[in-house]
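Dear colleague,

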Amino acid sequence: MSKHLALSVLGKDRPGIVASITKDLFEAGCNIEDSSMTLLRSEFAMILLVSLGKTTTLEGLRKKFKALSDKTGLSVFLKPISNKEGQTETSQGSPHIIAVYGADKPGIVYGVSSLLAKNRINITDVQTTYSANANTYTMLLEARLPRAVSLAAAKKILTALGARLGVTITIQAVDTPQL
Amino acid sequence: MAILEICTIPAPILKEIARPIETVSPDISELIRDMLETMRHYTRCVGLAAPQVGKGIRLVVMDISVYPKPHPNHGQLILINPVITGRAGSRAGREGCLSVPDFTANVTRAETVTVSYQDATGAKKIIDSQGFEAVALQHEIDHLDGMLFLDRVTSIKTDVFRRKA
């Protein structure tokens with residue numbers, strides 16, 4: 001049986017969502033190893049990577065979350081993953097930050113992400129915000145450049161895309177000293 | 001000479017206030033040599049504070065000149081009992097720390113600092129530092145007061161990154 005589980009939760013925001021999910025996990029003997037949780041307007045979203053305890057059963061967890069879901073309306077999705085997947089970071093390449101901003105319109109995220117995908121540049125994190133006052137859309141991406149793609153090459157194609165979309169796109173290498 | 005073991009969170013020594021050094025004893029001189037060797041052993045490592053190698057004393061070694069990207073610097077620095085006596089401006093930059101594996105964060109620091117300290121011979125010195133070196137000085141002197149960069153983060157959403165390499 002899988003020793004790790006990926007779990008996603010989505011629901012209308014209110015106090016107690018994190019507590020209700022983590023209570024079920026704790027009582028089932030699970031350990032939360034990694035997570036990302038955030039509020040987007042009225043929807044609260046959680047992604048968790050948990051390791052299962054010796055006595056945890058997938059069926060037991062499914063039952064608990066079914067009951068929680070019926071009671072609270074939270075959407076809970078469970079995905080068993082292999083041990084190896086549960087312990088390794090799969091993304092390769094060197095980390096870069098890409099900033100995109102400009103007048104909002106449909107197609108910015110798609111345009112940027114499809115260009116990155118075509119060049120085998122893997123997105124590892126995305127945050128976007130929309131400012132109604134300025135009608136400005138901002139997207140910050142952290143992405144991994146494969147060896148085959150130089151920073152100069154990535155800069156060139158992103159700048160060209162920015163001109164086509166009418167937004168500013170910049171990319172820089174993440175420069176992290178060890179202190 | 002030896003490469004020293006790095007203490008990582010949650011080691012209690014990283015949260016303690018380090019003791020002043022009264023005299024530069026032979027033991028301290030040996031520790032300085034070992035810390036320099038340890039700092040140079042790790043890629044992109046340009047500074048190390050004594051609590052990071054398990055010694056609760058006010059000692060920092062630094063060398064910005066070895067960093068891949070050039071920055072104005074004073075070369076190799078050995079700082080005993082360093083004190084920041086002046087600071088001005090502010091800048092944000094990404095920092096990593098051997099004692100905080102798996103995370104990096106954007107931290108806001110002063111752009112320039114004045115630091116008084118004693119060198120490896122015990123002689124009193126004062127330097128004015130700017131930019132990246134000033135940031136590194138603030139990070140290392142924080143270690144002597146039990147402060148980690150995680151203690152200076154103000155926004156998870158924009159400041160903390162899980163290190164993926």
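**Cysteines and a helix pair**

The sulfur of Cys45(B) has its closest cysteine sulfur in Cys97(B), 8.7 Å away, which is too far for a bond. Please bear in mind that this is a predicted model. A disulfide requires the two sulfur atoms to lie within 2.5 Å, and a search of the whole structure returns 0 disulfides over all chains. Cys97(B) accordingly takes part in no disulfide, its nearest cysteine sulfur being that of Cys45(B) at 8.7 Å.

Are these two cysteines buried or exposed? Cys45(B) counts as buried because its relative accessibility is 4%. Cys97(B) is likewise buried, with a relative accessible area of 2%. The cut-off applied for a buried residue is under 20% relative accessible area.

Helix α1 (residues 17-27) of chain A and helix α2 (residues 58-72) of chain A have axes that come within 10 Å and cross at roughly 155 degrees. Since angles over 145 degrees count as roughly antiparallel, α1(A) is therefore roughly antiparallel to α2(A). The crossing of α1(A) past α2(A) is right-handed.

Which residues of the two helices meet? From α1(A), Ser20(A), Ile21(A), Asp24(A), Leu25(A) and Glu27(A) are in contact with Leu61(A), Lys64(A), Phe65(A) and Leu68(A) of α2(A). Sorted by class, this contact of α1(A) with α2(A) comprises 5 nonpolar, 1 polar and 3 charged residues.

With kind regards

Technical notes
Residues are numbered from 1 along each chain as its sequence is written. Chains are lettered from A and ligands numbered from 1 in the order in which they are written. This is a predicted model: local features need pLDDT of at least 70, side-chain atom pairs count only at pLDDT 80 or more; totals for chains, interfaces and linings use all residues. Side-chain values use heavy atoms; hydrogens and water are left out. Axes are lines fitted to C-alpha atoms, for helices over the stretch in contact, and angles run from 0 to 180 degrees between N-to-C directions. Helices (H or I, at least four residues) and strands (E, at least two) are DSSP runs, numbered from the N terminus. Angles under 35 degrees count as roughly parallel, over 145 as roughly antiparallel, 65 to 115 as roughly perpendicular and the rest as oblique. A crossing is left-handed if the near helix is turned anticlockwise from the far one by less than a right angle, and right-handed if clockwise. Contact means heavy atoms within 4.5 Å. Ala, Val, Leu, Ile, Met, Phe, Trp, Tyr, Cys and Pro count as nonpolar, Asp, Glu, Lys and Arg as charged, and the others, Gly among them, as polar. Buried means under 20% relative accessible area, exposed over 50%, partly exposed in between (1.4 Å probe, protein chains only).
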